[in-house]
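Hi everyone, thanks for making time. I'd like to walk you through one chain today, so please have a look at the screen.

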Amino acid sequence: MADFDVHATAYGRPAVELLGTQVKAAKAGDPLAPVTVIVPSNYAAVSTRRALAAQPGGVANVSFLTLHRMA
């Protein structure tokens, strides 16, 4: 079973920075390791993907999945 950590953060840039840090930690040094991020909507998936891609280092092999598609 997977472990879950819960973090509270402000909306906007702080949230994107925290998610970027968590994605990098989940990749554990392998930039091509697969990571899945669960999002509430397709719009959230697109905007989150773009925000993470704009950070230094970008993102690779990160899937953004809506709750509906996960079910």
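This is a predicted model: local features need pLDDT of at least 70, side-chain atom pairs count only at pLDDT 80 or more; totals for chains, interfaces and linings use all residues.

I'll start with the overall fold, then move to the strands, and end with the surface and the charges.

The chain contains 3 helices and 2 strands, and if you follow the sequence, they come in the order α-β-α-β-α. With a radius of gyration of 12 Å, close to the 11 Å that the globule rule gives for 71 residues, the chain is as compact as a globular protein of that length.

Now the strands. How do β1 and β2 run relative to each other, parallel or antiparallel? They are parallel, with 5 bridges joining β1, residues 35–39, to β2. One place to look is valine 35, which sits opposite valine 62 in β2.

Stay with β2 for a moment, residues 62–66. In a regular strand, side chains alternate between the two faces of the sheet.

Zooming back out, 23% of the 71 residues count as buried. If you take contacts between residues at least 6 apart in sequence, 68% of them join residues at least 24 apart.

Last, the surface. The chain exposes about 5500 Å², with carbon and sulfur atoms supplying 59% of that. As for charge, there are 6 positive and 4 negative side chains, and the centres of those two sets are 15 Å apart.

That's my tour, and I'm happy to take questions.

Note on methods
Residues are numbered from 1 along each chain as its sequence is written. Side-chain values use heavy atoms; hydrogens and water are left out. Helices (H or I, at least four residues) and strands (E, at least two) are DSSP runs, numbered from the N terminus. The radius of gyration is taken over C-alpha atoms; the globule rule is 2.2 Å times the number of residues to the power 0.38. Buried means under 20% relative accessible area, exposed over 50%, partly exposed in between (1.4 Å probe, protein chains only). Contact means heavy atoms within 4.5 Å. Accessible areas come from the Shrake-Rupley method with a 1.4 Å probe; for residues, only the protein chains shown count as cover. Lys and Arg count as positive and Asp and Glu as negative; His and the chain ends are not counted. The place of a charge is taken as NZ of Lys, CZ of Arg, CG of Asp or CD of Glu. Two strands pair if DSSP finds at least two bridges between them.
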